[in-house]
Amino acid sequence: MKRRERTARLNAHFAQRPRRCAAGLVGVIGSLALGSCGNNHPGAASPPVTPIQLHSGMVTGVDGSSVTTSLPLLPGLTNVVGTLGADSVGISFDPVDGAVDYRVYPLPQDADITAYSDGTLTVHNAVYRCAGTRQTFDEQNNLNSSDSGLTKANSYATTTQIDADAAKNTLGYVYVTPAADRLPVFALAGHPMDGETGWRESRFKIYTTDTTTRQQLLGQAWRDDGIAFYVPKTADSTTQTVYSSETSGIVPGQGWTQYQRFYFLADGKSAHAGDTTPPAAAFEVLSAAGTDTTPLMAVPYQAAQSHVELVAGQERFKRAAYQGNLPTWFLQWSGITAPTTLVVEALANGCPFQGLASAEHLEAPPHQTFYTIDDLNKASATGEVFINGQYDNVAGAPKPLARSFLTVSPTPPAATDWDWYQGFATKDDFGTPTEVPGCTDGLNCGRWQTSMLDISSYRIDLGTNGTPVIAFGPVQGQLWTAFDDAGSDVTGKIRMTARTKGSIDADPNVFLHATMSVNIVSTDRRYPQMIISDQDAPIQESFTNPNNNTVIVQPIQGPSMRLEVQAFHGLVAGLVGSWDVNNQAPEHRLIDYETEGVSAQPSDSPFEHAGMDRMTKFDVFLSSSRVYVLMDNQPAGCVMLPADVKFGGPVTFTVGDVLYHEGAADELVCAQARPYSFMHLHQCTETVRHFDDLAFKSGTGAPVWDDQNFPCLPY
């Protein structure tokens with residue numbers, strides 16, 4: 001009997017709450033009738049223009065590799081950087097003016113390429129992964145009208161308005177790439193303050209070319225925001241000076257010092273002559289545009305510590321001035337099994353939404369249908385599949401504006417790197433799930449096992465045909481999950497536990513190192529988790545054991561998200577006694593940008609590492625006394641375990657996802673169009689997660705750590 005049929009006999013149907021469709025039209029993809037929720041697009045249909053003659057020749061990849069292709073010649077992207085995983089690569093790049101989306105795909109055969117006279121392009125049977133949009137608020141950032149002249153609209157209205165605002169705030173012209181006659185300008189971000197929204201731009205900044213100043217600030221726990229842009233080394237007739245000044249003072253009635261940092265040209269010196277730190281030359285910029293230059297623009301931020309944000313280029317200006325659901329400047333490709341040349345493109349139009357992409361085909365009305373990659377391929381007129389396509393009613397094929405090439409190879413871990421590792425490279429590695437009868441939760445629960453994982457689910461919705469709304473399995477070298485919870489005020493979740501156990505030594509200086517990569521766009525009711533416990537699977541039922549010792553690491557409370565640790569022994573005082581998503585343990589907040597004073601550490605915001613198809617890597621080092629957490633290989637924080645949490649011996653390693661009562665009025669996804677614009681339309685009643693590179697190793701040392709700027713704090 002198939003897993004879906006077996007699971008359909010799950011006990012205790014909840015009374016089903018009415019389901020609503022998000023805004024959108026019912027559509028058809030080829031011969032597949034789409035579910036009743038969501039607007040869908042057939043893919044890249046050929047536009048009503050003529051094919052053009054393809055060039056044939058060799059181009060150079062960003063890594064210096066030679067690429068032979070007949071793809072039409074386009075300008076390259078700048079600062080394309082690939083960060084390798086075991087069989088994946090995360091790709092960052094500078095934004096391209098006018099681009100509304102980006103995509104990556106393997107270099108196609110020339111015979112599969114059709115280019116058209118209007119600049120659009122189709123690649124027969126291509127699978128693309130698209131950047132999509134940031135899931136965040138449109139925010140009125142600049143409240144100081146006397147300094148800015150920026151529009152006060154919560155989102156930009158017209159291109160003309162953007163251009164006018166950008167021109168008004170342009171200080172000169174700079175570079176985004178290095179050269180012998182250029183200096184890097186480093187961006188350093190001060191300590192977080194109350195009301196910070198988790199955007200990188202909202203924190204007080206100092207921009208400097210001086211490496212000594214940079215090192216001093218880093219030593220004082222300022223956040224390293226990298227190189228913002230490059231400027232001429234020396235002044236001459238083609239340059240002009242940018243000056244900086246600073247004010248500071250005790251805020252009346254509050255007792256804390258407010259700093260304000262300003263950047264301006266020579267004609268602004270008199271207005272700032274009385275500042276606490278008077279105007280001084282900061283760096284040179286070009287007076288006029290030239291080869292490879294981009295405008296340098298100032299965006300004043302009126303925050304707890306006001307400052308001028310300096311941005312290079314039109315697209316960065318849009319983000320700093322307006323935030324909101326603008327394009328993500330990051331792409332992900334996974335499932336790399338051999339050296340592969342990837343094509344990275346900026347697009348003038350968005351990747352189309354074709355339906356909810358899933359590991360398994362699932363029809364559970366009134367839910368939208370879950371489509372496999374094969375389903376979408378067969379339904380598309382050109383065979384093209386757009387993973388993370390987020391745009392509705394896209395007419396014609398995508399139009400590339402810029403293109404670069406990157407050659408990558410898999411870097412699988414050595415057998416000695418981990419005690420247990422799962423990278424989901426193939427379906428054979430994952431295995432065939434076998435149902436384990438008698439799940440003990442009793443309310444729409446299920447349990448399955450593979451050779452590697454023990455999988456359990458709870459409070460899963462059953463469609464009108466009795467089909468559980470849950471799907472999981474390997475896709476493109478990742479583990480994809482998708483599910484919906486069953487009714488109001490229920491605690492839907494999925495748990496995946498390694499069938500091999502790790503261990504935690506009694507020696508407080510010996511650690512268990514556990515890792516996972518996962519897409520982390522989260523709310524207060526939907527978020528991924530890593531769970532390490534001295535209890536057996538199914539871990540959720542084991543939380544009822546009054547002697548359990550457990551640590552949970554989770555990004556929660558979006559859109560900015562906080563990163564927290566929950567460490568507890570036994571039952572949790574509250575609604576039901578044992579831990580659950582509506583009865584959580586007291587948390588220690590490693591990173592939190594909505595509460596003043598929680599994080600005085602130079603941690604990056606989880607939001608800046610988030611995307612619907614962007615993987616964020618978490619490394620957890622747990623001993624019998626403390627927990628270190630790293631996010632994308634950078635320190636996030638350290639906390640001492642509570643005195644009653646006592647590890648010593650075998651432990652289980654679990655990852656999972658939560659969807660808890662998403663229809664509640666305070667759940668931002670369903671209740672309003674922003675901040676979660678794509679999820680609001682297409683994932684209101686379902687949650688989707690991608691996991692990769694799950695692993696642990698016992699008996700390791702502590703990570704390399706900056707104890708001065710990231711001290712290990714009491715719980």
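Tutor: What follows covers the disulfides and then one histidine.

Student: Before that, what sort of model is this?
Tutor: This is a predicted model, in which local features need pLDDT of at least 70 and side-chain atom pairs count only at pLDDT 80 or more, while totals for chains, interfaces and linings use all residues. Residues are numbered from 1 along each chain as its sequence is written, and side-chain values use heavy atoms, with hydrogens and water left out.

Student: OK. How many disulfides does a search of the whole structure find?
Tutor: The search finds three. A disulfide here is a pair of cysteine sulfur atoms within 2.5 Å.

Student: Which cysteine is joined to C130?
Tutor: C351, with an S to S distance of 2.2 Å. The two are 221 residues apart and link distant parts of the chain: C130 is in strand β10 (residues 127–130), and C351 is in the loop between β21 (340–347) and β22 (356–357). Strands (E, at least two residues) and helices (H or I, at least four) are DSSP runs, numbered from the N terminus.

Student: Why is that disulfide of C130 and C351 called left-handed?
Tutor: Because the torsion about its S-S bond is about -85°.

Student: And are C130 and C351 buried or exposed?
Tutor: Both C130 and C351 are buried. Buried means under 20% relative accessible area, exposed means over 50%, and partly exposed is in between, using a 1.4 Å probe and protein chains only.

Student: What about C638 and C712?
Tutor: C638 and C712 form a disulfide with sulfur atoms 2.0 Å apart. The link is left-handed, with -60° about the S-S bond. C638 lies in strand β41 (residues 634–640) and C712 in strand β44 (residues 712–713), 74 residues apart.

Student: Why does C638 count as buried?
Tutor: Because its relative accessibility is 1%. C712 is partly exposed, since its relative accessible area is 23%.

Student: New topic. Where is H680?
Tutor: H680 is in helix α10 (residues 677–682). H680 counts as buried because its relative accessible area is 13%.

Student: What lies 3.0 Å from a polar atom of the H680 side chain?
Tutor: The backbone oxygen of Q672.

Key. Polar contact = N/O pair within 3.5 Å; in protein donor to acceptor, adjacent residues only side chain to side chain.
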